[in-house]
Amino acid sequence: MAIDLAKEAQDRGIKYFLISFVDLFGTLRAKLAPASAISDMAQEGAGFAGFASWLDMTPAHPDMLAIPDPESLIQLPWKPEVGWLAADPYMDGKPVEQAPRNILKRLLKKAEDAGYTMKSGVEPEYFLVSADGEALSDAGDTQAKPCYDQSALMRRFDVVREICDCMLELGWGPYQNDHEDANGQFEMNWDFADALTTADRMVFFKYMVKAIAEKHGIRATFMPKPFAHLTGNGCHMHLSMWKGDTNLFKDSDDALGLSKDAYNFIGGLIDHADEICSITNPTVNSYKRINAPVTSSGATWAPNTVTFAGNNRTHMIRVPGGGRFEFRLADGATNAYLFPAVLLASGLDGIANKSDPGKPLDIDMYAEGYKAPANVKKLPLNLLDALRLTDCSAMLRRELGDEFVDAYVKLKMKNWNEFSRELTSWERADSLDC
């Protein structure tokens, strides 16, 4: 039975709805509609000018109508008079081809038609910093190895508890919260779900964490590498493919507990990792995480090569147990909808082509990377190199569409050019006396 948003508003005491979509840069855009107007908005959508966000449109384009998905409704636990809705952008009666949520839904439908349901869980790391973003919010968080530091975790108990309480109230099944490997860094885990639900929750999670941090007079950032000497913010995804209640990635007879489909899926990710890197790692700053020198804790916890292994965190893909794997490349800036979309596109291509990932490489890639085979691919060194690989990707153009690839590369190239025009203090120190 379809959800009646007007009735939900009446039953739950919702006075306003945020009708939201995510643009190509992962920025959350919204209009605030009173509950009295939600029936019309549910049918007709909320109107936006696409050019005013990071979509490749002009001021001459007609209205873009964001039609809310009633199944995505989340009532803000800390502001219960407001309901949040993920919306799908339409223009001239058709889905906007470059809109990230539309892309993910299209690929999930393709997977479903092939007999697969993608399930995923994400681990978005974040820092709690001062309101101006210049320093950690906790001056006492100074341990050389701060991961799982109980005292630092409990000094931020009020923030962490409020976020976790919200997830409990929403029924997400949160099960652990911890202080991560960098000073001031945290991670919160909740149950996996179908890929669209997880993507919607990831979008809302980032908004929720930032909003609650602001309530406490500090700031939360998912920036990939906010501090040069500290471990960056990853966004690891655990992924499996299902048919009904059957995990199609599970094989109890295999050494790693993976099926042939799972290995072919991993093979597709290895084939296309460099092509999708501009999407999993979408900012200039991203490449200071995946190509970083050793941090103050002793490890970056980020890959810089395209490899997979068993339960070994120094690789791009880790297999912690049977029936699933963890993709460790993406960072906190990744678009919540494009991230699973490009993994799914790559993996389905791997299954279709029976891609062989080779044997798992069970070495410490940080200390023994020189032992890796000579044909192991390196990841791009910067956003420019990554964008060029995305632009030339036949797979991404086929699966995500030329309109999306052209729009994404165009706008991200503009972003790169803006960065390139900036004069840094390092350049002056390096070149003033040349």
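Predicted model: local features only at pLDDT ≥ 70, side-chain atom pairs only at ≥ 80, totals over all residues.
User: What is the chain built from, in helices and strands?

Analyst: Start by counting the elements: this chain has 14 helices and 18 strands.

User: And how do I read the radius of gyration of the chain?

Analyst: You set it against a rule for a compact globule. With 434 residues, that rule gives a value near 22 Å, and the chain has 22 Å, so the two agree. For the outline, picture the C-alpha atoms filling a box of roughly 65 × 50 × 50 Å along the principal axes.

User: What share of the residues is buried?

Analyst: Of the 434 residues, 55% are buried. As for the accessible surface, it comes to about 19200 Å², with 51% of that belonging to carbon and sulfur atoms.

User: Where is Asn-189, and is this residue buried or exposed?

Analyst: Look in strand β11, which covers residues 185–190. Buried means under 20% relative accessible area; Asn-189 has 2%, so this residue counts as buried.

User: Which residues does Asn-189 touch, leaving out those up to four places away in sequence?

Analyst: Asn-189 touches Glu-123, and also Gly-173, Pro-174, Tyr-175 and Gln-176.

User: What about contacts across the whole chain, between residues at least 6 apart in sequence?

Analyst: Of those contacts, 70% join residues at least 24 apart.

Key: Residues numbered from 1 in each chain as written. Heavy atoms only, no water. Helix = DSSP H or I, 4+ residues; strand = E, 2+ residues; numbered from the N terminus. Rg over C-alpha atoms; globule rule 2.2 N^0.38 Å. Buried < 20%, exposed > 50% of the residue type's maximum accessible area, 1.4 Å probe, protein only. Contact = heavy atoms within 4.5 Å. Areas by Shrake-Rupley, 256 points an atom, 1.4 Å probe, with all protein chains shown as cover.
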